[in-house]
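Trainee: I'm new to this one. Can you walk me through it, starting with the pocket and then the disulfide?

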Amino acid sequence: RLTSGVTIVVTAQFNPLTCTSFSAVLGSAGPTGAYRDFSGAPLAGTWYVQALANKLAGTNLSANPDISAQFNSQIGTAGCLDTSGWYYGLDHNAPSNRIDLFAVVEHEIGHGLGFLSLVNTSTGAKAGAFDDAYMRNLEDHSLGLAWPAMSNVQRLSSMTDNGDLHWIGAAATARTGQFSSGVASGHF
């Protein structure tokens, strides 16, 4: 389902991540780089994460891996969701006391492919003062503004504005009639 003429390289490790007996960080992943104003970029002055930028450019823009991921090596041990553990199957059929590693990997790889914003989560500032491809499709309904038009303070507030932050990407909003929930004012 994922098509790119450029191979997407992912590095992954099992590392101890934050956890208690009742909650845990299962994993994390993200792009190792981002590019703008390259040949093939759909929008000028806009950051695209490395795997997407490579696809759009039709060439590998960096010799480095595209995505870096890590998953919690402590799951199922004393003090870390100790009554659970990882399910390593590929069928998404994890027993009730196991966490589907494949589902977690798919989710985290999505972040590495660009399902994330490069906006600083502590300040609301744009990366290098430029928009990123993801943030260009975010809108806060309480302010009536898309993220590119907001100040840093407004973006920072919008990150936790429960129920008012919506996805306005054209491909997704064209299909809102196909969903029975999760849609408000024609947006996700």
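Trainee: What volume does the largest pocket have?

Mentor: Keep in mind that this is a predicted model. In it, the largest pocket has a volume of about 570 Å³.

Trainee: Which residues come closest to the centre of that pocket?

Mentor: The lining is made up of 24 residues. The closest to the centre are Leu-52, Leu-113, Gly-114, Phe-115 and Trp-167.

Trainee: How many residues of the lining are nonpolar, and how many are charged?

Mentor: Let's sort the lining by class. Five of its residues are polar. The lining also has two charged residues, and the nonpolar ones number 17.

Trainee: Which residues does the disulfide join?

Mentor: Searching the whole structure turns up one disulfide. Its sulfur atoms sit 2.3 Å apart, and they belong to Cys-19 and Cys-80.

Trainee: How many residues apart in sequence are the parts it ties together?

Mentor: Cys-19 is in the loop between strand E1 (10–15) and strand E2 (27–31). Cys-80 is in the loop between strand E5 (67–72) and strand E6 (86–87), so the pair links parts that are apart in sequence by 61 residues.

Trainee: Is the disulfide left-handed or right-handed?

Mentor: Look at the torsion about the S-S bond of Cys-19 and Cys-80, which is about -120 degrees.

Trainee: Is Cys-80 buried or exposed?

Mentor: Buried means under 20% relative accessible area. Cys-19 has 23% relative accessibility, so Cys-19 counts as partly exposed. Cys-80 has a relative accessible area of 1%, so Cys-80 is buried.

Key: Residues numbered from 1 in each chain as written. Predicted model: local features only at pLDDT ≥ 70, side-chain atom pairs only at ≥ 80, totals over all residues. Heavy atoms only, no water. 1 Å grid on protein atoms, 1.4 Å probe; cavity = no way out; pocket = protein on both sides within 12 Å on 5 of 7 lines; lining within 4 Å. Points joined across faces, edges and corners; volume = space filled by probe spheres on them. Nonpolar A, V, L, I, M, F, W, Y, C, P; charged D, E, K, R; others polar. Disulfide = S-S within 2.5 Å. Helix = DSSP H or I, 4+ residues; strand = E, 2+ residues; numbered from the N terminus. Buried < 20%, exposed > 50% of the residue type's maximum accessible area, 1.4 Å probe, protein only.
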